[in-house]
Amino acid sequence: MAQQPAPQPTPPIPTVKMKAKAGFEGKPVEMDINPAVGDLKPWDLDTKFSVMKGRYPRLEGPLKVTGRAKYTYDIKLPGMLWGRMVGSSVPHAEVVKIDTSKAETLPGVKAVWTTESRTVRFAGQDVAAVAATTPEIAEDAARLIEITYNEKPFVTDLEKAMEPNASPVYTPEQVPGNASIPRNGNILGPQTGRGLKRGDIVAGLAEADVRVEATYRVSVHTHAPLETHGVIAQWEGDELTIYASTQGVFTVKEGVAEALGIPRTKVRVITEHMGGGFGSKLAPSASGSQFAVVACRLAKSAGAPVKLMLDRKQEHLCTGNAPSALMTLNIGAKKDGTFTAIHHKSYGSAGIAPGAGTAAPLSNLYQTTPHILGEDHSVFTNAGPAAPLRAPGHPQGAFGLESAVDELADKLQMDPLELRRKNDPSPVRQMQYDIGARAIGWERRNKKAGVYEPASGGTPSRSTKRGIGMANGEWNVVARGSGVGCEVRIHRDGSVECFSGAQDIGSGFRTAMAIVAAEELGLAPQDITMHIGDTRWPEGPGSGGSNTTNSVAPVVRQAAYDAKQKLFASVAPALGATGPDDLEASGGKVFIAAKPSKSLTFKQAAAKIAGEQVAATAERKKQYELYRSEIAGLQMCEVEVDVETGQVRIIKMVSVNDCGIPVNSMTTESQVIGALIQGASWALFEDRTLDRSYGTMVNGNMESYKILAPSDMFEAMSILTPVANLGNNTSTAGIGEPPAVPALAAIANAIFNATGARVRSIPITPDRMLAALAEARRRA
Amino acid sequence: MNRFEVVKPTTLAQAKDLVQEKPWSVYKAGGIDVIDHLKEHLVEPPRLVDLKGIPGMDAIKVEADGSLRIGALVKLANVAADERIKKTHTALAMAAGEAASPQVRNVASLGGNVLQRPRCWYYRLEEYKCLKKGGDVCYAVGGENRYHVIFGGGPSYAPHPSNTAVALVALGASFVFDGPKGSRTVAASDFFTLPSKNPEVENVLLPAEVLTEIRVPAATGRSVYQDVREKQAFDWPLVSIAVSVTLEALVVKEARVVLGAVAPIPWRSTRAEAALVGKPFNEATFVDAARAAIVGAAPLSDNGYKVSLVQTLVRRTLAQLA
C-alpha cells in the first residue's frame, strides 16, 4: 500500500558516519552511511547471525491450529449486543427518508443509527445500523428499516463512465482528489507520478526500429480476507476499548477518537490475532464504511458493548477492492532490443474514490530507458471505493508493462528473459534472472510460441499445450523513519518481554520481532514474550506497504541492545569485567568477549539485576542510506492450457525476491507463496461482477466470486535472495507487496508461450482463452 | 431470520402430515440448498421437516437384474464411492463425485441434488424479484448472463444446476415419489420441465411429495460423465455432459447424450443421439454428433463460448467411451 512514510523530523538530527557492507553475496559494496547518534551499525554482509534468517514456526501457531487463538470474530463480552449495518440497495440516490420505527419496536433492539449523509453513490454505502441482543434479532431489525430513495442515473462500467455524456458520479464541485489534477466528466487525470517522466516520449518512440502498442484490461478484484471487517466496542465510563480486525490499531484509535470528538487518551484498540486484510483494513473503519465509529455510537447509546462484524456481501461491497484497469502500452526498441521509449497510459476505476493509477512499475523497471511517460487517469463509477491491495496498482500495471515487453520480445524474435536482462540496470535482478531461470527450467520453454517441444514436459495431446513465461516485479523500500517505538524488559528471573503496539496482519510479525530481539540478546525466539497489537504499547505503523517489519525491527533491536547494556552493567562486576562494553550475549550466555570461558547463563546474569527488571525504550530516529531503494523480484511460471476448452492450469510458479535480510525464512517464504496464490487467483478467477442495469453486485459471496481452491493449486516455490540494504540497523525489507506484482503477467506470458494466443484481459477465464485462441488462429 | 421449527419425523406418513399441516412448510434432507434459501430469505417456512429420521431411505441396493435402487437420502459421497455404481453406471458415480466439495458431498443427498433449485445469481438474490420468484423479468436477458442457458431458454434462462440429474437422465432412471395422493413413479426424462410451461418450477413435483428412491435400470452399455469448469473443484460446471452408449458389433445401437448447465433442464440432445444411432462408433461419428449437438443453440450476449464447449465435450466424451 502506498502509505506515506512519516515525514523526516526537522531540523536534521545529529548523525555519525560509518561504513558497512551492502549488497549481496558475491557482489558486496562498501557504503558510507549516516545513522543518528546512538543508532546501531546495521547488520550487513559481514554479520554472522545465530538466530536471524533461520526457519521458525509462528510463536502463536499452536494457539491458531488448536482454535484457542481469539480473533476479533471470536470475542464475546458479557452483556454484549450484536450490531448490523444496513447498506444502500441502489447505486446512486438521494435518501429521502429512513424509517426506523418498526425496527425500534422489535423486542431485543437496543440502539439504532442512521446516516446524516443524504447522498448514496454506490450500492452498499452505509445508511443505517442496529444493535440487538442476538444476531438474529439484529438481522430482522435491519430488514425492518425502510429507506425511501430518490434514485438517480448511475454508471458502473469503466468505459461507459469515460464517455462524454456519461452520468456524473460527482458534481464538478464535489469531485474528490487534488484540485490541480485535470478533470473531465468522470475522468480525473492525466497524472504523472514521481519517476514517470523522462526524456521526450514522442521522439523516443520515433527512434525505435520496432514498436508494440497494445491495450490490456484488468477486472476489479476484492480483498476477501477470511475474517471480515469488524469491531467490538466497549465503553467503561468515558473510556473506550475497541477490539478490531485491523491492520492499524493506531489508525483506528486516531480515526475513531476524531470522529467521536474524544481525546485519544480515552481510546484503546486491541488486535491480538488478525484474519487477513491485504490492505483493506488500513482505514479506521473501511474505505467505504464508517462501521467502527457506528459500533461505538451504538454501544454508547445502548450502554452495552456492541460487536459489529460485516457479513460477506458487505465485505465485498464497501471495504475496498483493487481498481479495474484499461491500459495502453507503447514500447519502442532498437533492433538489438535496447528500449528507446515506454509510454504507459492508464484508465481505471477505484469506484467513487480516486487513486486508480497503474503506471508506477515503470518508475522502477527498465530505468535505463531514455524516454518514458506514465499517464494515469482515475475514472469515477458508482461502485464501492477501492482500498490498497498488496502493491496497489502495481499488479495491474505490471500486467500491462510486462505483457507488452513479452509481445516486443516476440516481435523482435528475442528470448523474453534476455530482452529484460538487456534493459535492466538492477544488479539484484540480474542475479535473480539466473536463479529463476534455473528453478523453472527456462530452457524447456517453447522456442516458438504455441509450438510444442518435447523438452517442455507434460503429456502432449491434441488439446493440451504447455508453456513457460516470466515477468518482472518491483516495489520500494517503504519504512517509517520516525514515530515507531519499542520497549524491552529483562526480568530478574531471566524472562524477557518485548512491547510493540503494531499488529500482526498474519505475516508472522510477532515471531519476526521475537527473532530480532533474540538475536541481539543471544537467546531463542521462544524466550521472548511478545506483546503486540495494542495501542497501550509503543507506537507502530499500519501493516501496509511492506513497511511493518523494517519499521519496527530496528527499534526492537535498539531496545534489546539498550536493555542488554543495562543487564551487562549489572553483571559486569560478577564476571570481573571492567564494564558493560567488555561483555557479549550469545547462545543463552553472557560472557567476557575476550575470554568466553568467563560466563554466566542468561538466567544467572539476570539474577544480578538490582531491582525487578531492567527496561529500555527505543524510538526510530531516521531511515539510513539505502543500498537500493527498489526491491527487485521476478516470477517464472509454467502453465498447461486445454486449447479446446480454454481451461488454464498452472503447473508451477517460482518467485525470486529481494527481501533485505530475511528475519524468518519460513514465514517470509510463506508470505511469498500466499502472494503467488493470490496472484494466480486474480489471474484466472476473481472478478467482481456488477449488474450492468441495476448496479448491484451479483456475485457478492464466496460461491460466484471465485477464489482459487486447493484443487487449482500448483507447485509454488519461493526463492529469497538476501540483500543487505542498510536502510535500517537490521537491513530488513518488507515482502508483503513485491511478490504480488508480477504474477498476472507471468501467467499470461506463460499462456502465450504455450499457445501462441495473447490474452490481454484479466481474469483469463475459459471464454476469454477460447476467444484469444480463435483470434490467434485467424492471424496465423 | 423468521422463526421456524425443525421437526424430525420417523415415518413418511408423519412427514407428509407435518408438511401439510402448516402451509409453506418444506422438507429438508442434507439441507445444503434449503439452508441457502433460508439465509437469503428466498423461502420463509414456518416448519422444516427433516427427513433424515426416516429409516430405509439411505441405502444403495443392486437388484438381481443389475438395476439400482438408491434411497433419496444416500449421500453424494456414497454414490461416488460405490464400487458397483462405478462399474456399471459410471456416469452417475462420476457426476456425484465431481459435485461441490468433499465436505458438501458428505452432507448432500442424491435426492436433494436432483431437486435443488437453480444457482442463477439473480434467482439467489432476494432483491431481484425474477420470473422464478413470481416476478415478470428474467434479469439474465440484458444482464450478466455468462453462466446462463443456450438451449430451451425463455422466458427464464437459469440453467438447471444438478449434474447427477444429467447422469440419471442419460441412464434412463426414474424417480419414485410418495405424496398425499399416494406413490408414483416418473421417468427422469419426463420429470424436469421447461420455463415456457411454468418458470417458477423446474419439475413436476407435487406439493408435499417426497422423492423417496431413484431407480436406475441395468446398464446395457457404458456411460461416462465429464464437465468443464473455471475452478477445478467447488465450482459449477460451465457445461457438463453424460453419455450412455450401447454398441453392437461396433455400431451404436442405443445412445443417450444429455447436457448440463446449458438448459433449464438436463438437456437431452436428440440430434446428437440421432447422429450416433446406427453409425460406426468412431471419430467421424463423434464429430458429426458434436456438430449435431449444437444445432439450435441460442446463446445470450455473454455465453456464446458454451456452444464451442458443448461441441468439444460431446466429441471428447464419446471418444472416452471408444
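Modeller: This is a predicted model. Helix α12 (residues 427-440) of chain A lies across β20, β28, β29 (648-658) and β30 of chain A, and α12 runs at about 25 degrees to β28(A).

Colleague: What is the order of the strands in that open sheet, and which are the edge strands?

Modeller: The 4 strands follow the order β20-β28-β29-β30 (chain A), with mixed pairing. β20 (464-476) and β30 (715-721) of chain A are the edge strands, since each pairs on one side only.

Colleague: What makes β20(A) and β28(A) a pair?

Modeller: Pairing takes at least two bridges; β20(A) and β28(A) have 13, in the antiparallel sense. Gly473(A), for instance, stands opposite Gly633(A) in β28(A).

Colleague: Why is Met636(A) called buried?

Modeller: The cut-off is 20 or more other C-beta atoms within 10 Å. Met636(A) has 30, so Met636(A) counts as buried. Met636(A) belongs to strand β28 (residues 630-642) of chain A, and its contacts include Ile440(A), Ile468(A) and Val654(A).

Colleague: Why are α6(A) and α7(A) called oblique to each other?

Modeller: Helix α6 (residues 249-260) and helix α7 (residues 291-302) of chain A pack at about 55 degrees, with axes 10 Å apart. Roughly parallel needs an angle under 35 degrees and roughly perpendicular 65 to 115, so α6(A) and α7(A) are oblique.

Definitions and conventions:
Residues are numbered from 1 along each chain as its sequence is written. Chains are lettered from A and ligands numbered from 1 in the order in which they are written. This is a predicted model: local features need pLDDT of at least 70, side-chain atom pairs count only at pLDDT 80 or more; totals for chains, interfaces and linings use all residues. Helices (H or I, at least four residues) and strands (E, at least two) are DSSP runs, numbered from the N terminus. A residue is buried if 20 or more other C-beta atoms lie within 10 Å of its own, exposed if 12 or fewer, and partly exposed in between; C-beta atoms are placed from the backbone. Two residues are in contact if their C-beta atoms, placed from the backbone, lie within 7 Å. Axes are lines fitted to C-alpha atoms, for helices over the stretch in contact, and angles run from 0 to 180 degrees between N-to-C directions. Angles under 35 degrees count as roughly parallel, over 145 as roughly antiparallel, 65 to 115 as roughly perpendicular and the rest as oblique. Lists of a residue's contacts leave out its neighbours within four places in sequence.
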